[in-house]
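The following briefing concerns a single protein chain and is arranged by topic. Please consult it alongside the sequence and the coordinates.

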Amino acid sequence: SAVYSSDLFTIEPGTLPAIGTHAGLADHLSAERVAAELEKLLSAERPSVGLRLMDETGLLRVVLPELAVQRGIPQDKVPGEDLLDHSLRSVDAAPAERPIVRLAALLHDIGKPATYADGHFHRHDEVGAEQAEALTRRLRMPRAIGERVALLVRHHMFTYEPSWSEIGRAHV
């Protein structure tokens with residue numbers, strides 16, 4: 001019987017533990033290869049399936065440590081979920097046909113672990129934008145992608161009030 005099975009794929013017995021045993025070898029992969037595989041993963045119907053498996057096997061700690069450190073960080077959005085669970089739900093909710101938005105959704109709370117104090121995440125959007133841009137640089141993604149992802153992460157706390165007037169129609 002399979003170790004892991006979902007409606008998307010099945011992993012044969014022995015393979016999942018072997019991934020965990022040899023996860024450290026992924027440290028030798030080129031940044032471009034990691035970026036290409038991440039791009040493929042983010043285009044899946046539910047990227048969270050692969051990302052959870054990466055977390056469970058230790059592969060996430062090797063290739064995307066900025067995400068792996070989210071495991072265990074409290075999150076008050078859904079009872080019983082931590083910050084990594086929240087990030088994985090977010091990436092699944094983002095449209096697959098918008099890869100930059102999906103990457104930003106995955107990384108939107110990347111700054112929370114570094115800013116967590118007294119039950120709050122002070123300036124996590126600013127810190128997260130810097131970390132997201134650094135991650136995209138490390139993976140040698142095009143600068144324009146890094147800048148756009150960082151901008152989305154930086155401004156993800158933005159709220160809109162329906163009572164706001166349009167910029168051009170505001171009366172002074």
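**Briefing on the predicted model**

Helix α7 passes helix α10 in a right-handed crossing. The model in which this crossing is found is predicted. The protein chain comprises ten helices and four strands, and 40% of its 172 residues count as buried.

**Overall architecture**

- Along the sequence, the elements of the protein chain follow the order β-β-α-α-α-α-α-α-α-α-β-β-α-α.
- Taken along the principal axes, the box filled by the C-alpha atoms of the protein chain is roughly 70 × 35 × 30 Å.
- Among the contacts in the protein chain with a separation of 6 or more, 56% join residues 24 or more positions apart.

**Packing of α7 against α10**

- Two packed helices are described by the angle between their axes and by the distance between those axes.
- Helix α7 spans residues 99-107 and helix α10 spans residues 143-154; their axes come within 9 Å and cross at roughly 50°.
- On the α7 side, the contact involves Ile100, Val101, Leu103, Ala104 and Leu107, which meet Ile145, Arg148, Val149, Leu152 and Val153 in α10.
- By class, the contact of α7 with α10 contains nine nonpolar residues, no polar residues and one charged residue.

**Packing of α6 against α7**

- Helix α6 (residues 83-93) packs with α7 at an angle of about 165°, and the two axes are 7 Å apart.
- The two helices α6 and α7 are therefore roughly antiparallel to each other, the cut-off for that description being an angle over 145 degrees.
- The crossing in which α6 passes α7 is right-handed.
- Helix α6 contributes Ser87, Leu88, Ser90, Val91 and Asp92 to this contact, and α7 contributes Arg102, Ala105 and Leu106.
- The residues in the contact of α6 with α7 divide into four nonpolar, two polar and two charged.

- His86 is found in helix α6.
- His86 has a relative accessibility of 9% and therefore counts as buried.
- With neighbours within four places in sequence left aside, His86 is in contact with Gln75, Lys77, Glu81, His108 and Asp109.

**The aromatic pair**

- A pair of aromatic rings is described by the distance of the centres and the angle of the planes.
- A search of the whole structure finds one aromatic pair.
- The pair consists of Tyr116 and Phe121, whose ring centres are 5.0 Å apart and whose planes lie at 35°, so the pair is tilted.
- Tyr116 counts as partly exposed, because its relative accessibility is 37%.
- Phe121 is buried, with a relative accessible area of 17%, which is under the 20% cut-off.

**The loop residue Asp118**

- Asp118 is placed in the loop between β3 (116-117) and β4 (120-121).
- The relative accessible area of Asp118 is 75%, so Asp118 is exposed.
- Asp118 and Glu81 are separated by 37 residues in sequence and, C-alpha to C-alpha, by 19 Å in space.
- Glu81 is also one of the residues in contact with His86.

Conventions. Residues numbered from 1 in each chain as written. Predicted model: local features only at pLDDT ≥ 70, side-chain atom pairs only at ≥ 80, totals over all residues. Heavy atoms only, no water. Axes fitted to C-alpha atoms, helices over the stretch in contact; angles between N-to-C directions. Left-handed = near helix turned anticlockwise from the far one by under 90°. Contact = heavy atoms within 4.5 Å. Nonpolar A, V, L, I, M, F, W, Y, C, P; charged D, E, K, R; others polar. Phe/Tyr/Trp six-rings, centres within 6.5 Å; stacked < 30°, edge-to-face > 60°. Buried < 20%, exposed > 50% of the residue type's maximum accessible area, 1.4 Å probe, protein only. Parallel < 35°, antiparallel > 145°, perpendicular 65-115°, else oblique.
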